[in-house]
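Please read this briefing with the structure open beside it, and look up each element as it is named.

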Amino acid sequence: MEYFLQQLINGVTLGAIYGLIAIGYTMVYGIIGMINFAHGDIFMVGAFVALIAFLALVALGVTAVPLALFLVLLIAMAVTALYGWTVERIAYRPLRRSFRLAPLISAIGMSIALENFVQVAQGARVKPLPPLIPGGYTLMHDGGFAVRLSNVQIIVVVTTVVLMGIFSWLVARTRLGRDMRACEQDLKMASLLGVDVNRTISYTFVIGAALAAVAGIMHLLYYGVIDFYIGFIAGVKAFTAAVLGGIGSLPGAMVGGLLIGLIETFWSAYFSIEYKDVAAFSILVIVLIFLPTGILGRPEVEKV
Amino acid sequence: MSSAPKAARVNIATAFKRALFAAIVAFGLFSLLLGARTHTGANGALFLSGRPDLLAIVVGIVFAGALLRELIIGERSISLAAYVPEAVRERARVLPALAAPALLAFALAAPIIFYNNRYMLDLGIMILTYVMLGWGLNIVVGLAGLLDLGYVAFYAVGAYSYALLAEHFGFSFWICLPLAGILASFWGIILGFPVLRLRGDYLAIVTMAFGEIIRLVLLNWQALTHGPDGISGIPRPSFFGLPFNNAPGGFAQTFGLQYSFTHRIVFLYYLILVLALITNFVTIRLRRLPIGRAWEALREDEIACRSLGINTTNTKLTAFATGAMFAGFAGSFFATRQGFISPESFTFTESAMVLAIVVLGGMGSQIGVAVAAAVMLGGFEFFREFAQFRMLVFGLAMVLIMIWRPRGLVATRTPTIFLQGPKEVGADVVRRARAKSWSWRRARHD
């Protein structure tokens, strides 16, 4: 029971990170119907920017961890959002009217380029960061096994919930959110009715990248180690989460992320840790075959 | 001769402003990731060092590039082709027809030219392996329009099929070669059957996931595959039963030659050349068959295909299985050439590289893929010290090709049958058609 509870806590934390990345996939897919293959690497860029910003702040003499973390959050979100904007502007916008596979191939190219850019610029070795937020609570103690809830886990989950709240408000209540929902329903009609489609799409990428940056910081804090390759695996898993929840659906992305985090954690805990990625990938295949619309998604209408 | 587009008036102030904007964006992008470098200190902790000079150079290049682009191209969309005289273009059109025999002749003669140059022979073998993989993937991506990001999985299936069959049952290369192809195409069918009903972009992700699954299983199924240690001591191929050694009954003594290590290398070279040419030949023949036509039609418009009664799932499945089969052949060749395989050789990077070759060569173009493989791999071998930039360049090249020449840099291949665009139907055509049908109907009544 204690072991189960501990895995539940770990799974929810992991799921929060996946959920934040998954939102980026699902938003872009909802609006322009394209899989933003480079999104996982945007997440990785966010983690690296956060790491470098933190080291730079320490070098500049900002040693108070809460202040430093807050600044890192702002810097990482801003810089990563700029990456999201640039990727859309350079690699996707010119291809919006091109043939079917063109944006996807361009996205794969961008993903490879980002990954290798970071590798060349920062080296291929793993980058460790000592734990910044120590401590935590022991919830239950039974025999030799203690259920721990660390402060990092609390911060990850609370931040995710807060960001989800802000984001839902943004989509439901603001002008930008209305434009985004309009574009999601019908791009051409929205532009006829005076929605600046290009700007809305740009904002979508900016928001998605900013959320991915937060996920990157959380990954950095939670695992304490990053390398240039984390974007690939995390990207596929977050995409799985988006598909599982129903691609195009925002609550679906969160639900899917949570489920993928839980499945991965429980699989590692009760079966084998070597095959945890295989489990996640297999879920993707199984979901796409048997439940292509996901849990909360709508059936897709094919347009000619 | 077509004239170059008229130079539009360039607003220098606007161009300057835009270039400045680009430079600011570049500064924002690169200031942290390029301007600072993380190092691991002696105690394992990270520290930073600044690289302001590199950052300044990169931002300067972006500024200059953006300024030049604004001043030269500006708002116009130009194609470089418009500047090329008609006569040159006319000649360039026959170039591919000449290039193929010339390249083939060179490929056949290469072992004679470079007989004493082991390095060049190895490079040739590597390039031809990628040419074969490129041609195999071209069936899937170029002809059928299915984006397969896990192609390397079938390559791995082929390689491990041979290695394991040889290790456990002592099968020779010549028995394993067809078996490897068959097994790989079986895997193609097993994977393809459920996922080929999916839309194109889902397919890309699923194939990528499948590629990773295969790699992770190879890595973790220690009992069968020896995990990360790989399989070593894979038997070398024989010359149709004659081993390449200095013993009686070996290749050299049978033909009365002086024993040389080069014999095997040259044999491997011709082996992969023949395998690649078989791939090419089969592709060219297949595309004239109904199934090839169906592949091309599928690439252009899937919904139209379904409306016309083509079984899209089966059509995709054949493309997928055929492509996988050639990857299996190439894989077993790879295993016998290396003598050692491990999951390290079958990463996503490998799939991405083959895909980059197909995309750069022009999806669907055979000669383009061959040229792209030779140029890219040869080029990177030539600039060895820049090896770490290889995938960075590949990735950026894929983006740029999609923007500038989406049908490929080296060559373009349009469908065998192509609808040029909506035909204008004038009133007179309609009237004539009506009159005809009217007279026909009257004729029936009479």
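In this predicted model, helix α5 (residues 151-173) of chain A and helix α8 (residues 197-223) of chain A have axes that come within 10 Å and cross at roughly 170°. Angles over 145 degrees count as roughly antiparallel, and α5(A) and α8(A) are therefore roughly antiparallel to each other.

**The helix pair in chain A**

- On the side of α5(A), the contact is made by A:Val152, A:Val156, A:Thr159 and A:Leu163, while α8(A) brings A:Leu211, A:Val214, A:Met218, A:Leu221 and A:Tyr222 to the contact.
- Sorted by class, the residues of this contact between α5(A) and α8(A) are 8 nonpolar and 1 polar, with no charged residue among them.

**A hairpin in chain B**

- Strand β1 (residues 36-40) of chain B pairs with strand β2 (residues 46-50) of chain B in the antiparallel sense, and the pairing runs over 5 bridges.
- Within this pairing, B:Thr40 stands opposite B:Leu46, which belongs to β2(B).
- The two strands β1(B) and β2(B) form a hairpin with 5 residues between them, and in the turn B:Gly44 has a positive phi of about 90°.

**Where the two chains meet**

- The contact between the chains takes 56 residues from chain A and 49 residues from chain B.
- On the side of chain A that touches chain B, at least two residues each are supplied by α2 (39-60), α3 (65-92), α4 (102-122), β1 (127-128), α9 (230-245) and α11 (276-290) of chain A.
- Which element gives the largest share of the side of chain A that touches chain B? That element is α4(A), which supplies 15 residues.
- By class, the side of chain A that touches chain B has 43 nonpolar, 7 polar and 6 charged residues.

- For the complex, the predictor gives an ipTM of 0.86 and a pTM of 0.85.
- Chain B has an average pLDDT of 81, and 84% of its residues score at least 70.
- Confidence in chain B is highest in helix α13 (residues 312-338) of chain B, at 92, and lowest in helix α17 (residues 427-445) of chain B, where the mean is 58.
- Residues 1-8 of chain B have a pLDDT below 50, and this stretch has 12 contacts in the model beyond near neighbours in sequence.
- Where pLDDT is low, the predicted coordinates should not be read in detail.

How values were computed: Residues numbered from 1 in each chain as written. Chains lettered and ligands numbered in written order. Predicted model: local features only at pLDDT ≥ 70, side-chain atom pairs only at ≥ 80, totals over all residues. Axes fitted to C-alpha atoms, helices over the stretch in contact; angles between N-to-C directions. Helix = DSSP H or I, 4+ residues; strand = E, 2+ residues; numbered from the N terminus. Parallel < 35°, antiparallel > 145°, perpendicular 65-115°, else oblique. Contact = placed C-beta atoms within 7 Å. Nonpolar A, V, L, I, M, F, W, Y, C, P; charged D, E, K, R; others polar. Pairing = 2+ DSSP bridges. pLDDT = per-residue confidence, 0-100.
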